[in-house]
Amino acid sequence: MTHAVRKPDGGFVFIPASMLIAAWWLYKRRLIELRDLRLWLAAHELTASRCSLKEGRVPDYRLEEFARLIDSGCRPVASVARLERVGLITWSRSRVSFATRLSDIQAQEHDLLTASVQAVQNHKRRVPVPRRILRHLARTTRPASIATVFGHLLRCLYYRDGGCSPVGLCKAAWIAEHFGMHVRNIKHARRELESAGMLLRHETPQWLLNRWGLRVEINLAWRPPGFVKRRKSPPRERVIRTQSPPPESNRKLSSKEETKNAAPPLRSGFLETKKGSGVDWRNVHAQNLSDDQALLTLYEQATSWAILPRCESTRLQFFAAAEHARRCGRSNPPGLFVALVRRRLWHHITQAEEDAARKRLRRHAFLSVSTRPAPPARSRSPVPSTSDAERLRIRREIERSLREAAAA
């Protein structure tokens with residue numbers, strides 16, 4: 001017999017059983033779409049991932065996280081709007097709240113919703129849904145698979161005596177009746193979940209199988225396909241040194257070549273400038289922030305590595321970020337500058353800093369034009385000089401030719 005465990009691997013989220021049924025009922029009534037139902041499940045996972053924030057920190061819920069967790073081309077803005085319209089969810093950048101009672105649901109046929117929820121036994125309890133199953137449902141695009149998981153969660157997973165009890169009896173015909181699906185699709189989805197390892201089948205007597213269904217266990221240690229467990233670094237070894245080691249332990253010297261006067265480790269994002277060192281985006285110096293030519297070189301490197309798009313506005317913002325880092329960066333201006341550019345935190349830049357950046361760009365453009373070498377002068381062939389005697393002789397020849405032409 002399987003005993004209850006304190007919590008599944010990866011944690012769990014309490015979801016009222018009535019809300020699971022209500023969310024599916026709203027989907028079947030076409031008040032929300034399947035992508036909206038999946039986003040509702042993803043929102044539970046995102047709130048659970050922020051449940052252990054330190055005191056004084058405010059969570060930040062971005063719609064891009066919903067789309068990334070759903071792993072599809074849906075539009076989260078429209079989905080959140082539909083979920084808020086029916087009352088399932090209330091979303092803001094700092095808080096996401098969910099409906100916990102049927103009175104919170106906004107539907108015209110509210111009496112039918114109440115009847116659908118009351119038709120399920122133990123609908124007033126909370127279901128401890130494992131977070132790995134939540135992430136799996138958020139990416140599932142088959143309604144039969146979602147209905148099958150919902151049915152087994154309602155029938156087989158309970159929270160008793162401070163632990164999760166994952167074994168129960170569930171009939172495919174019961175899921176098909178209460179979730180409006182074909183029993184053949186439910187059985188096919190259950191076989192797929194069994195092959196994936198999420199559901200574990202137990203031997204069930206025939207009389208019990210006919211009356212209440214198959215004995216099924218929800219695998220609380222289930223890992224989805226391709227799951228990679230994050231490894232934590234081992235804690236640092238605590239070394240207590242109260243005195244120097246005795247000379248006997250250091251008789252054998254090390255064979256490694258070590259530098260006695262090794263330079264101390266430098267801070268990330270800030271390095272001392274050396275003579276002859278080039279400008280490199282991976283190693284920004286404090287002096288680069290004041291050099292216009294160095295900043296242009298850094299900008300070219302950032303655009304060539306696709307960190308920023310190449311346009312006039314980003315170049316101005318790049319110089320303005322350097323001005324902001326020079327004025328506000330106290331201990332590590334280059335690190336602040338790199339963070340502003342990589343994260344594109346342009347809203348921290350003031351108007352005065354942007355004006356200063358614009359002046360720097362204009363000054364650099366003027367200096368580059370004024371210091372441009374002049375084009376070489378075009379060589380001209382020297383004009384031979386004519387003496388006065390030669391000019392007088394040419395004049396007399398012309399006058400004589402005119403007289404002869406007049407006499408003829």
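This is a predicted model: local features need pLDDT of at least 70, side-chain atom pairs count only at pLDDT 80 or more; totals for chains, interfaces and linings use all residues.
Mentor: Residues are numbered from 1 along each chain as its sequence is written, and side-chain values use heavy atoms, with hydrogens and water left out.

Trainee: Why is helix 3 called roughly perpendicular to helix 4?

Mentor: The axes of helix 3 (residues 63-70) and helix 4 (residues 76-86) cross at roughly 100 degrees and come within 9 Å. Angles of 65 to 115 degrees count as roughly perpendicular, under 35 as roughly parallel, over 145 as roughly antiparallel, and the rest as oblique. Helix 3 is therefore roughly perpendicular to helix 4.

Trainee: Which residues make that contact?

Mentor: Leu63, Phe66 and Ala67 of helix 3 meet Pro76, Val77 and Val80 of helix 4, where contact means heavy atoms within 4.5 Å. These residues divide into 6 nonpolar, no polar and no charged; Ala, Val, Leu, Ile, Met, Phe, Trp, Tyr, Cys and Pro count as nonpolar, Asp, Glu, Lys and Arg as charged, and the others, Gly among them, as polar.

Trainee: What makes helix 11 oblique to helix 12?

Mentor: The axes of helix 11 (residues 292-304) and helix 12 (residues 312-328) cross at roughly 125 degrees and come within 11 Å. That angle belongs to the rest in the scheme above, so helix 11 is oblique to helix 12. The contact residues include Asp292 and Tyr299 of helix 11 and Arg315 and Phe318 of helix 12.

Trainee: How do you know that glutamate 33 forms a salt bridge with arginine 35?

Mentor: A salt bridge is a side-chain nitrogen of Lys or Arg within 4 Å of a carboxyl oxygen of Asp or Glu. The closest N and O atoms of glutamate 33 and arginine 35 are 3.3 Å apart, so the pair meets the definition.

Trainee: Why is arginine 201 called exposed, whereas arginine 358 is called partly exposed?

Mentor: Buried means under 20% relative accessible area, exposed over 50%, and partly exposed in between (1.4 Å probe, protein chains only). Arginine 201 has 51% and is therefore exposed; arginine 358 has 27% and is therefore partly exposed.

Trainee: Where do arginine 358 and glutamate 354 lie?

Mentor: Both lie in helix 14 (residues 351-370), 4 residues apart, about one turn of the helix.

Methods
Axes are lines fitted to C-alpha atoms, for helices over the stretch in contact, and angles run from 0 to 180 degrees between N-to-C directions. Helices (H or I, at least four residues) and strands (E, at least two) are DSSP runs, numbered from the N terminus.
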